[in-house]
Amino acid sequence: MVKINLALQGGGAHGAFTWGVLDRILEEDDLEIAAITGTSAGALNGAALKAGWLENGRQGARDNLDWLWAQVARLDDVTVPKWMQAWLPTPGAISKSLEYSPLYQLGDSFGRMISPYAWGPLYQNPLEKIVDQFDFGRVCAMDGPALYVCATNVRDGKVRVFEGDAISTQSILASACLPTLFQAVEVEDPETGTVEAFWDGGYTGNPALFPLFEAGLPDDVVIVNINPLKRDTVPVMPNEIQNRINEISFNSSLLRELRAIEFVQRLISEGKVQEGAMKNLRVHMIADDALMNDLSVATKLVAVPTVIDELKAAGRRAAGTFLAQHKDDLGRRQTTDLVRMFG
């Protein structure tokens, strides 16, 4: 049995890609998930996986993830038959049509001009009714994979990682709180009684990797990337510029931690740090940058059922390809070239 950690990026409805990756990984009986660190959609996926895992093992985890994304996009009501899917626009075409649609442009402009606090008593976070249905007795349990949920403290700008009994509806909503759309989520610290306000964890940890440095956790971390690390073209249109700003800001914290991991690896390999003195993680990545380059923030914010269905299928394919090429490397060697990434 090979034990791995999962690091799940946030990215709104694009988290359906991670759903597909997890669905495929859970089919591997000889892989055990020891810990999950997640932000935003990654936190929702991680909580759903853990609760389902403790209810009915691997199949329970897969079933609970299916339930989560049916709630997000009401897939049970609008799933398109496979024979019809060939006639539908590609996810990229749908994303472009959304971006340039007058209704989306109006909503985007409205969101930049009007504070979410302007709604007063009419305000409601649409995710709350979904997250409230999680079985937090299982999500917070000591058994099963360790779960870490990342959010950003509004006042001091630091990452906050919730774990154990500190994980709640509010902390998961905090992890997914985009400040232009949602009011900051207030969470009380059970130890101090202090109430702090939080925004999306993607600004400071997307996801945070440092919780996986614990000595009792395995050395292999599989990162599921949602935001493309690289785009070959320079954005020129206003929506393209905003989209790339979103991707860069939500990748920056992950890249900083990966650079630090590469630095530690180099110190150990050069004998400047004694083996075992510092955690020597082996980093792996599952991504589909070609697909994500065709998408934009529009399909992150608008849960289009056919796009979500395609993202799940793409996640399963990407995970299948990774397992076919690198499953034997897990527990033995790193498959992501960090030296080349930062060279």
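Hi everyone! Let's start with a hairpin: strand 3 and strand 4 form it, with 5 residues between them. In the turn sits Gly157, which has a positive phi of about 70°. Before I go on, please keep in mind that this is a predicted model.

If you'd like one place to look, find Tyr148, which stands opposite Glu163 in strand 4.

Now to the surface. Which residues form a nonpolar patch there? They are Val154, Trp199 and Tyr203, and together they have about 230 Å² of accessible area. Tyr203 is found in the loop between strand 6 (195-200) and strand 7 (220-224).

In soluble globular proteins, nonpolar side chains tend to be buried together. Here, the largest nonpolar core has 63 residues, and Leu6, Leu49 and Ile167 are the ones with the most contacts inside it. Helix 2, residues 41-73, gives the most to this core, with 12 residues.

Take Leu49 as an example. Leaving aside residues up to four places away in sequence, Leu49 touches Leu22, Leu26, Ile33, Ile36, Ala61, Leu65 and Pro145. There is also a second, separate core of 19 residues, and among them are Ala7, Ile261, Leu281 and Leu338.

Definitions and conventions:
Residues are numbered from 1 along each chain as its sequence is written. This is a predicted model: local features need pLDDT of at least 70, side-chain atom pairs count only at pLDDT 80 or more; totals for chains, interfaces and linings use all residues. Side-chain values use heavy atoms; hydrogens and water are left out. Two strands pair if DSSP finds at least two bridges between them. Helices (H or I, at least four residues) and strands (E, at least two) are DSSP runs, numbered from the N terminus. Patches are made of residues with over 30% relative accessible area and no salt bridge: like charges are joined within 9 Å, nonpolar side chains (Val, Leu, Ile, Met, Phe, Trp, Tyr) within 5 Å. Accessible areas come from the Shrake-Rupley method with a 1.4 Å probe; for residues, only the protein chains shown count as cover. A salt bridge is a side-chain nitrogen of Lys or Arg within 4 Å of a carboxyl oxygen of Asp or Glu. A nonpolar core is a set of buried Ala, Val, Leu, Ile, Met, Phe, Trp, Tyr and Cys residues joined through side-chain atoms within 4.5 Å. Buried means under 20% relative accessible area, exposed over 50%, partly exposed in between (1.4 Å probe, protein chains only). Contact means heavy atoms within 4.5 Å.
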